[in-house]
Number of protein chains: 2
Amino acid sequence: MTVRERLLRAATELIAEKGWGAVSTRMLADRAGVGSGVVHYHFHSVQAVLVQASVGALKSAVDDLGHLLDASSTPADVLTRLLEALDGHGGQELFTETLLAATRNDELRQAVGEVLVDFRRTLAEWLAARDVPTPVETAAVLAAAVDGVLLHRALSPDLTSDVVVPVLGRALR
Amino acid sequence: MTVRERLLRAATELIAEKGWGAVSTRMLADRAGVGSGVVHYHFHSVQAVLVQASVGALKSAVDDLGHLLDASSTPADVLTRLLEALDGHGGQELFTETLLAATRNDELRQAVGEVLVDFRRTLAEWLAARDVPTPVETAAVLAAAVDGVLLHRALSPDLTSDVVVPVLGRALR
DNA sequence: GATCGTACTGGACGATTGTCCAAAGCGTCT
DNA sequence: AGACGCTTTGGACAATCGTCCAGTACGATC
């Protein structure tokens, strides 16, 4: 793994652990096992590291979600896999932190917006092919609802797939 | 308004604007229109201001939501009002930031957890009285879904109540 | 009018921040 | 061997951070 990749990896970990606003140059360098100056050699600012790392993680997660949809047959199936996949893929905090940071950073907002539109379109097509009513609107709300569930799950672990899937499943009929 | 109250108000504004980790002593004092030393006169740390302010805002929002439930008759009605109320009540960012911070602060986690349990119980009772299936689980998922919608709405303003209510409404039948 | 306690100010303190840079390490080519 | 370019290091720099504290302002009490 190159130093650049190690820095991006460190960024995704630290955003989830400490929060977007609490990640510093030296934290990144320490976690990546390099000197502190190397951060500004590969990136032109700390914010740039965070943006590239979080957008990269978001894109790779949405890619996985695309493959996941192909392998799913029922709405309950896709909900279960969706929750599992996002949970594993860097943790819920990373995505929430990124969405929140996108609220305050125009460049990030645009990049995240594109990824989100892409995901909603893929999901809407899947829903439409299975005759779910109002697929476009349902996909948009579903994406948001899943994010909310991941966030709440961090505080109340009893919000398992067993609880979530039947309820959200009712919205997919 | 007392200086203490002005500081708490400033804290809720700044958490939403800048993010939990980016609120500083002098920011708080400036926004409240007081000298910088006064923060540690009324509170024993900056974190304490943020915790008290965010928990207070959360409690008052949940209180309003309780009254709101009394005035609502249909599930679609309660969804619409819920989204409106939370949107106005300090903005979506404040609540998301608070939930995220609760992930990293034990004292805050406990306080937020209690408020959340309280809200879910109230909502579950309302749902049960209207014969919505699995009211407890539905209330938990609904609370999470609404939070997710508010977060996504910050990035894609097209996620209006007109779009959200019909979809989530399907989960309440 | 002197004294007292509460509320508040503004600056000091050491630690940490983002950014930049001179120097050094190191493989490749002449 | 020498020169070159890419990568990395560790420290310098001003700015800002959280916290603390000596000193001031002011109404209430004696």
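Chain A contains nine helices and zero strands. The model is predicted. Along the sequence, chain A reads α-α-α-α-α-α-α-α-α. The C-alpha trace of chain A spans about 55 × 30 × 30 Å along its principal axes. For 173 residues, a compact globule would have a radius of gyration near 16 Å. Chain A has 17 Å, which agrees.

Helix α4 of chain A covers residues 46–71. At 1.5 Å a residue, its 26 residues should span 38 Å. The end C-alpha atoms of α4(A) are 38 Å apart, in agreement with that value. The N-terminal end of α4(A) is capped by Ser45(A). A side-chain oxygen of Ser45(A) lies 3.4 Å from the backbone nitrogen of Gln47(A).

Two packed helices are described by the angle between their axes and the distance between the axes. Helix α4(A) packs with helix α7(A), residues 106–129, at an angle of about 5°. Their axes are 10 Å apart. Angles under 35 degrees count as roughly parallel, and α4(A) and α7(A) are therefore roughly parallel to each other.

The contact draws on side chains of several kinds. By class, it has 13 nonpolar, two polar and three charged residues. From α4(A) come Val51(A), Ser54(A), Val55(A), Leu58(A), Lys59(A), Val62(A), Leu65(A) and Leu69(A). These meet residues of α7(A), including Leu108(A), Val112(A), Val115(A), Phe119(A), Leu123(A) and Trp126(A). Glu107(A), Asp118(A) and Thr122(A) are also among the α7(A) residues in this contact. An α-helix has 3.6 residues a turn, so residues three or four places apart point the same way.

Technical notes:
Residues numbered from 1 in each chain as written. Chains lettered and ligands numbered in written order. Predicted model: local features only at pLDDT ≥ 70, side-chain atom pairs only at ≥ 80, totals over all residues. Heavy atoms only, no water. Axes fitted to C-alpha atoms, helices over the stretch in contact; angles between N-to-C directions. Helix = DSSP H or I, 4+ residues; strand = E, 2+ residues; numbered from the N terminus. Parallel < 35°, antiparallel > 145°, perpendicular 65-115°, else oblique. Contact = heavy atoms within 4.5 Å. Nonpolar A, V, L, I, M, F, W, Y, C, P; charged D, E, K, R; others polar. Expected span 1.5 Å × (residues − 1). Polar contact = N/O pair within 3.5 Å; in protein donor to acceptor, adjacent residues only side chain to side chain. Rg over C-alpha atoms; globule rule 2.2 N^0.38 Å.
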